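Please open the model in a viewer and follow the stops below in order.

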Amino acid sequence: MSDPSDSSAAFELRQKYKHFRILVIGRANAGKTTILKRVCNTTEDPRLYDEGKSLRGVHDVNRPFVFDSNPKFIFHDSPGFEAGGEEELNAVQRFIADRAKAYDVNEQLHAIWFCFGPDKSRPLLPLERKFFDEQRLGNAPVIAIFTKFDDLMIAVWAESRDLVTARQTAQDMLLLRFGTPLKQSRFPPNAFVCLEDMHHDDSTHQDRVKNLIEKTTDSLDNLALKILLISVQQNNLELCIQYAVRFELNKNLLSQSPVGLLKAFYFNFVQQAKSPGLAKWFGHIYTVSYVFYSELRKLMNKE
């Protein structure tokens, strides 16, 4: 549980942020676009931020893009560091440094998602190792995302013909080729996420999105940014509840009866509109509640 005063101060700071900004790094066909579409819960293609143009054919880390389904997420894309791609690595490092120096909070970088599309023959590239061995400016956490794990498992299964064995072999392969070298780097990722079945509409892809958002949130060292990310994501109400309980409800409240807890929730969520407690974690739901509560008070004052 956090100090309520710390939470209130964090909310005041969070109000200054309009977007959550993420740099996405990964080689071609690593599944980056599919992941971002799932995060924003859309099937539509992204557009360049403040330009309204399609992202197709644009390969510039300095040109942000959004999805209309959730424009509070701003993304920047780097195509990864192929052999001989020292120029791209330098461009990414400059971008991170520039964003770290930004005075305006809405120009700052909040997180980095580094996507690896592992297969049986894909090693960790030298420039990828270099990225994690060189110090980066700023506090943006790096989340290592292993995409298309199901493809790797299928490739391994073709040899063993045993699903359980194939999954374990694929996990061991990831650990050997990526996990261990990354953990041994000078500036390792803050967290690791393994994704599979992200391209199937009937899969449990939103459970994997929840895990990604949760790992990213826990890696942030700023409570205001934690509130920002959880309130910006609109796919998972359970995450909003989880973090609201963790940071807002004190131990005395948790010892109450279910009815007492519901009353406390109502007081925090609805009646504290001017100084929101639980509601700050619920993003657009809080905004609707705040407007409704404000209009209701206006009507009551007129009578």
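The model is a predicted one. Begin with Asn-41, which lies in the loop between helix 2 (32-39) and strand 2 (47-48). Asn-41 is not a glycine, yet its phi is positive, at about 55°. Most residues other than glycine have a negative phi. The relative accessibility of Asn-41 is 53%, so the residue counts as exposed.

Next, select Cys-40 and Cys-115. Cys-40 is buried, with a relative accessible area of 4%, and Cys-115 is buried as well, at 2%. The disulfide count is zero.

Turn now to the aromatic rings. The whole structure holds 15 aromatic pairs. In the pair of Phe-65 and Phe-67, the ring centres are 6.4 Å apart and the planes stand at 75°, so the arrangement is edge-to-face. Phe-65 and Phe-67 are both buried. Phe-73 and Phe-75 form a stacked pair, because their planes are at 15° with the centres 5.8 Å apart. Phe-73 is buried at 0% relative accessibility, and Phe-75 is likewise buried at 0%.

Then select Phe-81, Phe-114, Phe-116, Phe-131, Phe-132, Phe-146, Phe-178 and Phe-192, which form one aromatic cluster. Over the ring of Phe-192 sits the charged end of Lys-183, 5.6 Å from the ring centre. Phe-132 is also touched by Ser-185, which has a further contact with Asp-133. Ser-185 belongs to the loop between helix 6 (163-183) and strand 7 (191-194) and is buried, with a relative accessible area of 11%.

Finish at Arg-246, whose charged end sits over the ring of Tyr-243, 4.5 Å from its centre.

Terms used. Residues are numbered from 1 along each chain as its sequence is written. This is a predicted model: local features need pLDDT of at least 70, side-chain atom pairs count only at pLDDT 80 or more; totals for chains, interfaces and linings use all residues. Side-chain values use heavy atoms; hydrogens and water are left out. Helices (H or I, at least four residues) and strands (E, at least two) are DSSP runs, numbered from the N terminus. Buried means under 20% relative accessible area, exposed over 50%, partly exposed in between (1.4 Å probe, protein chains only). A disulfide is a pair of cysteine sulfur atoms within 2.5 Å. Contact means heavy atoms within 4.5 Å. Rings of Phe, Tyr and Trp (its six-membered ring) pair if their centres lie within 6.5 Å; planes under 30 degrees apart count as stacked, over 60 as edge-to-face and the rest as tilted. A charge sits over a ring if NZ of Lys or CZ of Arg is within 6 Å of the ring centre and within 35 degrees of the ring normal. Lists of a residue's contacts leave out its neighbours within four places in sequence.
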